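Visitor: I'd like a close look at one spot in this protein, and then a sense of the chain around it. Could you walk me through it?

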Amino acid sequence: MTDENTPIQPQGNTQTLQEIDNVFVEIKSPTYIATLGDFQFGSTGSEFASVNRKLQGARLSADYKTTIPGTEAFLVGATSRGKFHSNQFQGIEGVQGPYRLNGKNNERNIIIIAGSERIFIDGIEMVRGDNNDYSIDYGSAEITFSTRRLITGASRIVVDFEYSDRQFTRNFVGAGSSAKISDAISLRVQYYREGDDQDSPIDISLSESDKEILRQSGNTTAVKSGVLTVGRDSLGVGKGNYAAVDTMINGQQFRFYHYSQNDTNAIYNIAFSSVGNGNGDYIREGIGRYKFVGTKQGQYLPIIILPTAQLHQLYALQSTVSPFKDLIIDAEFAASSFDQNRFSLIGDNTNDGKGFKVNARYSPRNVMFGATDIGSFDISFYERYRENTFLSFDRANEVEFGRKWSTDSLLSTNQATEEIREGKLVYMPIENVSISTGIGSLERTKQFSSVRYDGGIDLKIDKYPAIQYYIETISGKEKTNFVSNTWFRQKGNMEYTVFSLTPAVRFEEEERQVKQELSDSLTSVSYSFSLVSPKVSATEVYGFDASAEYEWRNDQAFDSGAVIPQSSSLTQSYTVRVREIQNFSGSTTVTLREKKYEKEFQSSNLNQQTTLIKVQSRYRPFSQGLDIDLFYDAATQRTAKLERIFYKVRKGEGQYIWADADNDGIVDVNDENEFRPDRYDGEYNAIVINSDNLIPIINVKVSSKVRILPGRFMKQQNSLVEKVASALSSETYIRLEERSTETDIKEIYLLNLNRFLHPVTTQFGFQFLQQDLHFFENRPEYSFRLRFNQRKGISQYSSGTEKNYTRERSLRSRFQISNEVTNQTDVIFKNDNAVSISRINQQRQISSAGLATDFSYRPEQNLEIGFKIETNQSEDKLGTQSVLADFNGQTVRTVLSFQGNGQVRIEFTREEVLVSNAPAQYTLPFELSSGRDLGKQYLWSATSDYKLGSNVQFSLQYSGRTATRVNVIHTGRMEVRAFF
């Protein structure tokens, strides 16, 4: 019912995902619900056992609401599509993205499960979508924030997500039940088991020696050498890519490897693994090229990290009791078992851990003191204990847990048994007025302790300004490293609405001192800042919404033993939104930020200017006879030379096949030289990502669409000119995209096209123009379309610069020859040029002319007989002599429809490709023959789609073809889908 072998994810640039391959059957009764297929499983309301997974399998739930006690239960058995992980990092000043996500072992080549991500900035959850806060590329695991959400060096970014590393089949089992015994007592029990099947690898292969390493590694990371000796060829030239260099470092013998193809000493091929910044000795310069930069100065090591199969189990018991009115006590106990390496028994005695929590809340309302209502109260107490070996399935801590308890600056990150206690009092003397205070403590055994105090006031009284103020202090002590810290924070906000105008002001201040107790000196993580931000906004004023906000911020940072002024910044934000007025609507967002550093910090920091602009508008006058769409988006980001990586799919559903260019028998998904395009048998698809070394750029996206329908301009169509004009329609589409390192940002922001597609400054860019001219566009008897489109592009890949140019000029005609016969004919002239050294995007200079005519005969409404003739001549003019490729093809098809139920389609095609003037050693570009094999080839197919009832659909697909290497290749597929 679903295909685990096709990890293709939808684009993450809209709030709602249109996911592919998401099929399920759901059967309902008053008591039971059964789901089979793809589904989202979520369980919340628990401190330790909250789980959210995208699964493929079966789920059964039952709801006995009418019984006493009222009981609910569920049972889940499925394959888990991904692993849960969380990344936390600081934003980069002036950089909207992309920010790359990594797996648990710093893996780069991961695929994010679509829709599984939750992104937080400063503790606030973001909304996906280009028109909201962020977009995400699930295939390359990269996040880019929109112009609506400014990213600065102070932005705290947290990303929770599930990802697929395609190592082992991962199974998930869950069961649970909850019962409401009475109005005062409820119980809940849950059990979850998620584990890798070590006997069912997906895209990996483990030898017996690999398994022995895994058996001996216990719960530590299992690695083996990535160095493979391949020797020299018959001429004495090394068959590898790397040569060994022996040297002395700190008085000890040390060997590193130097990239050196076609060298006598290049006798090694090496696989490198990412181990995190500051943990490796090498950096990645490009596809297959790594450079030694010193011990612990890089991100990569010449090792192979062996994948470990894991098993995680957890059960939780939860009880909620309300012994009397206004008092609720919630208690929970949980136990977990996490086997990090199912291949090994070493260390399994440390797999188990426990945790419990209790939360009591007393909330009396309208408390009377004598005859006086003194208001309402909310008193709570919370305690949580968790052993160092306890592990939840998903996030168990708050997103800002590190800031709340001052654990984010710890030098020691070892797991420790932890106990938290908190008490809070909220007093509400009158409606919409609350005063709060709280105290809490955190204790990590023999490692760290902290105490925090907080208080606040919230006033939201009608006809008065709304005021919020919050203050907290935290003091902590890291026992093992003799480090103490104090943290003071306060923030407030006030706003007042008068008619449609809302002025507001907010402020925030923090001061943090982290000291080394032995020397009583500050450490480098000490800092302070203050900001103030006035804002004014207006809503529904003559069809306009508008706002303007200014933010002044002063930062202080550690330098020479003290915290001194570091920088000052001014941020200006303007938004204008025009509702539909006289057929015009639009919105504009502009953010300007300037950050200046004091002279003590200018040696390592540059003054920054950030400009974010987004403009969208639409104008539809003259009864929508003119429709103009304009879009402009400009932001500062970061990028690098692009790289292609390849992921495996089911054979026949990919675009590339593995060619093993270096003859080592190892599939290197990072090396594009290992793959070549294939029309039929592809089992790899390519995605493009940024390489490791990212540089700041300006990213501008511009598009414009103008559609003209002259017939709507005229009330009457009596004259010849009016009749001719009403038969015409036109659509013009222009799109530009430029990612440039141009230092004069005005040249890019103001669209100086002389600075676009520059071979030095452009990292990626294209310019696309399409012009369509229609004659009788909506007339069924006949219609014509003239099309011209042109695309120029340039990309800086690690393998080199690639330039592309394509142009198409075409004429399409459609005729209803009779009631039963129709014809569509296309005449197409194309140019396809590329300047490249890549085997994937082969250098070429192709021009082609083609004709395709398709006749359709419908003797009955449910029967179609078609015949298509194609001919095309392509010429590659790149070399000293032109190479010609002549193609002709004929297709016969029959389509039998069953009204409202489905159809059967049968096709037979003959293709012939002839190549002439090809010189010796000529490599045929994929584009010259559109991937078709040389000579004659026959293809046939039969497909059937049929509804077996109103909710069940049956599909059968068969295809066959002749091939040059074998006689006949047959492919078949059957699928049943049900919808309830």
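Guide: Thr437 sits in strand β31, which covers residues 433-444; strands here are DSSP runs of E with at least two residues, and helices are runs of H or I with at least four, numbered from the N terminus. Bear in mind that this is a predicted model, where local features need pLDDT of at least 70, side-chain atom pairs count only at pLDDT 80 or more, and totals for chains, interfaces and linings use all residues. Numbering starts from 1 along each chain as its sequence is written, and side-chain values use heavy atoms, leaving out hydrogens and water.

Thr437 is partly exposed, at 41% relative accessible area (buried is under 20%, exposed over 50%, partly exposed in between, with a 1.4 Å probe and protein chains only). Leaving aside residues up to four places away in sequence, Thr437 touches Gly423, Lys424, Leu425, Asp454 and Gly455, where contact means heavy atoms within 4.5 Å. With Asp454 there's some polar detail too: its backbone oxygen lies 3.4 Å from a polar atom of the Thr437 side chain. Val426 is 11 residues from Thr437 along the chain, and their C-alpha atoms are 6.6 Å apart.

Zooming out, the protein chain holds four helices and 59 strands. Of its 980 residues, 41% count as buried. Among contacts in the chain with a separation of 6 or more, 61% join residues 24 or more positions apart. Along its principal axes, the C-alpha trace spans about 95 × 85 × 70 Å.

Terms used: Polar contact = N/O pair within 3.5 Å; in protein donor to acceptor, adjacent residues only side chain to side chain.
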